[in-house]
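This briefing describes a protein chain for a reader who is new to structural models. Please look at the sequence and the structure before reading the points that follow.

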Amino acid sequence: MPEKKTMERARRAKRQGKAATTQAGEFVRETMEHIRKGKHGARSTKQAIAIGLSKARRAGVKLPPPKKGKVSEKTRRGAERAYEAGQHGHTHKTNPRRSRAITKALRREGHQAASHGALASQAHQQARQRTAGERSSIGRKAARTRLAHQTHAERSAIARKAARTRAASHGS
């Protein structure tokens, strides 16, 4: 069951007209926090993200399951089930024994999956699968978003810091 503050954040994002993926991001963030705190673990960063997305679908976020051929059929069916459950509401009683077993199994998993390094390498891996054009347009879109929310001085300061960071990382 997602936390109240996560549900509120997701609702706020929906009210602001943000995409379903943005709303789902709140649930992924919550999952990462839970893994870091030791509430449960995950075998990989990919699994940690999948748990968050499943939570989002079950909570009613209109995040459609992945298209055929994108992921394994089993994964797609699971996402479809979670989506349906979220759209139709909770009809059956959760089996406490089963719920406890799942929690115990997840607790035995590692907590490295939610580390900053693991998340960074996962993001890098995903970015590498995109074409240069896609990466460029994503960057442009991000810059447009920043234009609306930052002053010229703030953007200049950010650019200077980025240049320093690049110089430092290329120097070593």
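In this predicted model, Lys55 is placed in helix α3, which covers residues 45-58. Is Lys55 buried or exposed? Its relative accessible area is 17%, and because buried means under 20%, Lys55 counts as buried.

- When neighbours within four places in sequence are set aside, Lys55 is in contact with Phe27, Glu30, Thr31 and His34.
- Thr75 belongs to another element, helix α4, made up of residues 73-88.
- The relative accessible area of Thr75 is 44%, and it is therefore classed as partly exposed, a class that lies between the limits of 20% and 50%.
- Thr75 and Ala50 are separated by 25 residues in sequence, while their C-alpha atoms are 9.4 Å apart in space.

**Nonpolar cores**

- Which residues make up the largest nonpolar core? This core consists of eight residues: Met7, Ala10, Ala20, Ala24, Phe27, Ala56, Val61 and Leu63.
- Helix α1 (4-15) and helix α2 (20-37) each contribute at least two residues to this core.
- The largest share, three residues, is supplied by α2.
- Ala20, a member of this core, is in contact with Val61, Lys62 and Leu63, leaving aside its neighbours within four places in sequence.
- Another core, of seven residues, lies apart from the largest one and includes Val28, Ala42, Ala113 and Ala114.

**Overall architecture**

- The protein chain has eight helices and zero strands.
- Read from the N terminus, the order of its elements is α-α-α-α-α-α-α-α.
- A box of roughly 55 × 35 × 35 Å, taken along the principal axes, is filled by the C-alpha atoms of the protein chain.

**Burial, surface and charge**

- How many residues does the protein chain contain, and what percentage of them is buried? The chain has 172 residues, and 22% of these are buried.
- The protein chain has an accessible surface of about 12,800 Å², and carbon and sulfur atoms account for 54% of this surface.
- There are 44 positive and 11 negative side chains in the protein chain.
- The centres of these two sets of charged side chains lie 2 Å apart.

Notes
Residues are numbered from 1 along each chain as its sequence is written. This is a predicted model: local features need pLDDT of at least 70, side-chain atom pairs count only at pLDDT 80 or more; totals for chains, interfaces and linings use all residues. Side-chain values use heavy atoms; hydrogens and water are left out. Helices (H or I, at least four residues) and strands (E, at least two) are DSSP runs, numbered from the N terminus. Buried means under 20% relative accessible area, exposed over 50%, partly exposed in between (1.4 Å probe, protein chains only). Accessible areas come from the Shrake-Rupley method with a 1.4 Å probe; for residues, only the protein chains shown count as cover. Lys and Arg count as positive and Asp and Glu as negative; His and the chain ends are not counted. The place of a charge is taken as NZ of Lys, CZ of Arg, CG of Asp or CD of Glu. A nonpolar core is a set of buried Ala, Val, Leu, Ile, Met, Phe, Trp, Tyr and Cys residues joined through side-chain atoms within 4.5 Å. Contact means heavy atoms within 4.5 Å.
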